[in-house]
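The following exercises are to be worked with the sequence and the coordinates at hand. Each task is followed by a solution in steps.

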Amino acid sequence: MVSTRHQNAAILAAVAILVAACGGGGGEAGAPLTGTNNPPTAGTPSTPTTTPGTPTGGTATAPTFQTQPANASVLTDATASFTVTASGSDLVYQWKRNGADIAGATSTSYTTPPATYANHGDRYTVVVSNKGGSLTSNAAQLTLKLSANQQAFESTILSPQPGNFNLLWSLRLSGPQVKGSSFLISDFGQLALSPLTNGPQTYRQSDPTSLAANLTLLTPADTRVLKDGAVRVVPSTGGAQRASYVGSDVRMDILASDNTTVAYSTIRSEYQAVALTGTLGSAPDEFKHFYNAVFANSGVLDSTATFAAGAGYLKYTQKAAGDRYDVFDCRGVTAGPAVSSCVDGSTLTDVLSAGFTSNSDGRTYHLADGEIRTVGGVPIWVASSPRPQSSTLSATVQYRIYFELGGNVYTGSMIKDGTLLGAGSWVSNPAGATLVDQLTFLTYQVRLNQAARDSLKAAVKI
């Protein structure tokens, strides 16, 4: 007869053999398998493959991907979206940018903030996990692309292209030109790197060259603006500009003579690239209208000359980006930041309460005709109604201003944010009763490639 003690020992030994045969010995009861359908080998713990923060406990099938996130290419300031689909229960998502977790990006898709040049080449992945394990997606890359406007802009200005060329002139519409006052010059700008992936690019306009062999090399007067509480000078030639991309458009920051202060900014858009072939006289009307003074006087240009191969121009529009305050001389002609004042030793309120007459506008302005605002610490009165076009001779809508600086009162004009900027005029109706009636004011800009500039220079007769 087997004793009770020996009978219990036999039962315990049998139980131990049964547990070992079922894969026990080191694994926790109910532990999931390690991402495989094969049972663990004897002596191997059946623990899950997880990453820090991955839920554990319970049995689940490790996640698998049905679709991976795809590469995205967007314009500057646009957002990009990345999406993944995965199978598995109780899935947890964590998106990463360049290997680092993105806070709050824990769903099946992720939309980036507006992309800048600094985001070009960013790589996005997502880690999908559950109690059965975790899986990292393929990397999707974000790239920036040029808009049609930006492609046109870079087609002439980006190195190794020789630059885009601007013409400046003061020419008589008929008869001979006057040496010492008439001029026809050009300058150009060139970018070393694209703003798309390198950020804002500052460049300097070249020194001007004369297209007229018999005229003195003269330049237009500098522009002066009120900015940051002081009068700033913007060189008419040889100045610095900074190009950057905003959405599908091109932003140009025009720098003051210190090459640091942004005097004013414009947004360029609606670019068109136009080829020039055949004789100069057969050029498109919009081209000849823009250069009206060059084409209208038969003594300036040989219109039977032909354009060189590859000649062309860019046509575009530009608008003011931010309010701009131009400064004018009021009494006498000056250069540099020391503009002549309208009234010395007085206040803006006193001068306009009495009324002040602008001879160029043909109006007497009173305090009630506008409002006083403070810009950059300077009190500025802005007229409610635009200046007459007979005084501006431009399509640009402008408002008369008076401002108080250093105890004196000065004048100028304001161009409001978003205003379409004009670009000269052409004589469309010589019989018009007034100068404004005779002219059509242009709302587009033109820049030349080198072949077009050289073609015009070769045909100039003055």
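**Exercise 1.** In this predicted model, determine which cysteines a disulfide joins, and state the handedness of the link.

*Solution.*
Step 1. The criterion is a pair of cysteine sulfur atoms within 2.5 Å. Cysteine 330 and cysteine 342 are joined by a disulfide, with an S to S distance of 2.1 Å.
Step 2. By this rule, the count is 1 disulfide.
Step 3. The angle about the S-S bond is 105 degrees, and the link of cysteine 330 and cysteine 342 is right-handed.
Step 4. Both cysteine 330 and cysteine 342 lie in the loop between β21 (324-328) and β22 (343-344), so the pair ties together parts that are 12 residues apart in sequence.

**Exercise 2.** Classify cysteine 330 and cysteine 342 as buried, partly exposed or exposed.

*Solution.*
Step 1. Buried means under 20% relative accessible area and exposed means over 50%, with partly exposed in between.
Step 2. Cysteine 330 has a relative accessible area of 28%, and is therefore partly exposed.
Step 3. For cysteine 342 the value is 7%, so this residue is buried.

**Exercise 3.** Locate glycine 345 and describe its surroundings.

*Solution.*
Step 1. Glycine 345 is found in the loop between β22 and α6 (348-354).
Step 2. Its relative accessible area is 70%, so glycine 345 is exposed.
Step 3. With neighbours within four places in sequence left aside, glycine 345 is in contact with Gly407 and Asn408.
Step 4. Between glycine 345 and valine 409 the C-alpha to C-alpha distance is 7.9 Å, while the two are 64 residues apart in sequence.

Methods. Residues are numbered from 1 along each chain as its sequence is written. This is a predicted model: local features need pLDDT of at least 70, side-chain atom pairs count only at pLDDT 80 or more; totals for chains, interfaces and linings use all residues. Side-chain values use heavy atoms; hydrogens and water are left out. Helices (H or I, at least four residues) and strands (E, at least two) are DSSP runs, numbered from the N terminus. Buried means under 20% relative accessible area, exposed over 50%, partly exposed in between (1.4 Å probe, protein chains only). Contact means heavy atoms within 4.5 Å.
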